[in-house]
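Open the model in your viewer and keep the selection panel handy. The tour goes stop by stop.

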Amino acid sequence: MTQPAKIIIDTDPGQDDAVAILLALASPELEVVGITAVAGNVPLALTEKNALKICELAGRRDIKVFSGAIRPLMRALVTAEEVHGKTGLNGPDLPEPTMTLQDEYAVDFIVRTLMNEAPGTVTLCPLGPLTNIALALIREPKIAERIKQIVLMGGGYFEQGNVTPSAEFNIYVDPHAADIVFRSGVPIVMMPLDVTHKALTTRARVEGIRAINTPVGKATAELLDFFERYDERKYGTDGGPLHDPCVIAYLLKPGLFSGRDCNVAIETASELTMGATVVDWWGVTGRPANAKVMRDIDADGFFALLTERL
Ligand code: BDR
Ligand code: CA
C-alpha cells in the first residue's frame, strides 16, 4: 500500500473550511500532519476554536491544531460574518471543544515540519488568507524548495471577485502575503472562484449529504444550509459555491479539475483593485508560469466524492 500523502491544512473556519477538513480527515490517502489556524472569515480566537470543534466532530482528537497569525501582514483584518455568521460556524449546534491547541506557534510548526520531513513530501493546503504561509517563507526561506506543492483556494480570473468587484476574499484580506507566496517559486495549484462558483450546494446535493444520517452528515448539511443562504441571495442560484473542499478533492481526484499553467501576479498597489489575481491566461505577458490555474470542475463527481467520504 502506498503511504498517505502528508498535508498541512491552513484555515480560517468557516463552514466551507470545515467541510474541507472533514473531507481530508475522512480520506485514507491523506495524512493531516497538522491544522494551522489563521484570522480570516472571523477573528483568530474563533477560527482556532472552530478548527478544534471540527476535529472533535470528526472523532479525531489526535489531530494537532496550531494557532497562527492574528492579522494580515500590512492591512487591517477584514472578516466575513455576513457570510459565515457570528461564530464562523453558524448552523449546527456543535459543543465547545475540550481538545486544546498545541503550544507551538503555527508558523514555527510549518517551518519545523518542512525542515524535518523529507524534501518534496509535504503539501500545504491554504484555505484562508495566506498570512501564515508567507510568514513561514519569510522566517525560513529554505522551506520553499522543500514544499511539495501549495494547493490553495483563492483568487478569480473569469469570475473576478466576490468581496470586491475585482478580488476574492482570501487574497483580498492579505494581498501582501499572497504576493509573497506567488513569488516563492513553490509549485502552486490555484482553485479560484472560476472553479468554486461551479461547485454549487444544490438542494439535492445537500439532502444527499443529510441522508448519510450520521452526526458528520447531519452537521455538514446544517453547515451548508446556513452557508448557502447568503450566496443564494447574492447569486440567485440553487445553492452556494462550496469553495475550500475543492482543494482537498484535487488531492484525492485531480481528474475532477482542469486548468492551465499561467503566470499569476497579485495587485497590492491600487486600492480600487486590491488583491486582484492578474492571471495571464492567454500568455500575453511572457512572464513565466508560476501556478496551475484551474477553471473547470466535474461538479457531480466532486459532490459524489464528498458524500461517499463523509
Ligand atoms: C473563500 O473565502 C472564505 O469566505 C471561504 O472560506 C473561502 O475560503 C472564498 O472566497
Ligand atoms: Ca476559508
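In what order do the eight strands of the open sheet lie? Color by strand and read across: β3-β2-β1-β4-β5-β6-β10-β7, with mixed pairing. Helices (H or I, at least four residues) and strands (E, at least two) are DSSP runs, numbered from the N terminus. Two strands pair if DSSP finds at least two bridges between them.

Before moving on, some ground rules. This is a predicted model, where local features need pLDDT of at least 70, side-chain atom pairs count only at pLDDT 80 or more, and totals for chains, interfaces and linings use all residues. Residues are numbered from 1 along each chain as its sequence is written, chains are lettered from A and ligands numbered from 1 in the order in which they are written, and side-chain values use heavy atoms, with hydrogens and water left out.

Select β4 (122-126) and β5 (residues 147-153). They run parallel, joined by three bridges. Val 122 stands opposite Ile 147 in β5.

**Helices on the sheet**

Select α4 (residues 106-116). This helix lies across β1 (5-11), β2 (30-37), β3, β4 and β5, and runs at about 150° to β2. Angles run from 0 to 180 degrees between N-to-C directions; axes are lines fitted to C-alpha atoms, for helices over the stretch in contact. Contact means heavy atoms within 4.5 Å.

Next, pick α7 (residues 175-182). Helix α7 packs on the sheet and touches β5, β6 (188-191) and β10 (291-297). Its direction makes about 140° with that of β6.

Show α1 (residues 15-25) and α2 (residues 44-57). Their axes come within 10 Å and cross at roughly 40°. On the α1 side, the contact is made by Ala 18, Ile 21, Leu 22 and Leu 25. On the α2 side, look for Ile 54, Cys 55 and Leu 57.

**The calcium ion**

Zoom to ligand 2, the calcium ion.

In sequence, the donor residues are spaced D-x4-D-x109-L-x116-D. Asp 17 lies in α1 and Leu 127 in the loop between β4 and α5 (131-139), so this pair ties together parts that are 110 residues apart in sequence.

Last, are Asp 17 and Leu 127 buried or exposed? Asp 17 is buried, with a relative accessible area of 0%. Leu 127 is buried too, at 1%. Buried means under 20% relative accessible area, exposed over 50%, partly exposed in between (1.4 Å probe, protein chains only).

Conventions. Donors are N, O and S atoms within 2.8 Å of the metal (3.2 Å for Na, K and Ca); water is not among the atoms, so sites may look incomplete.
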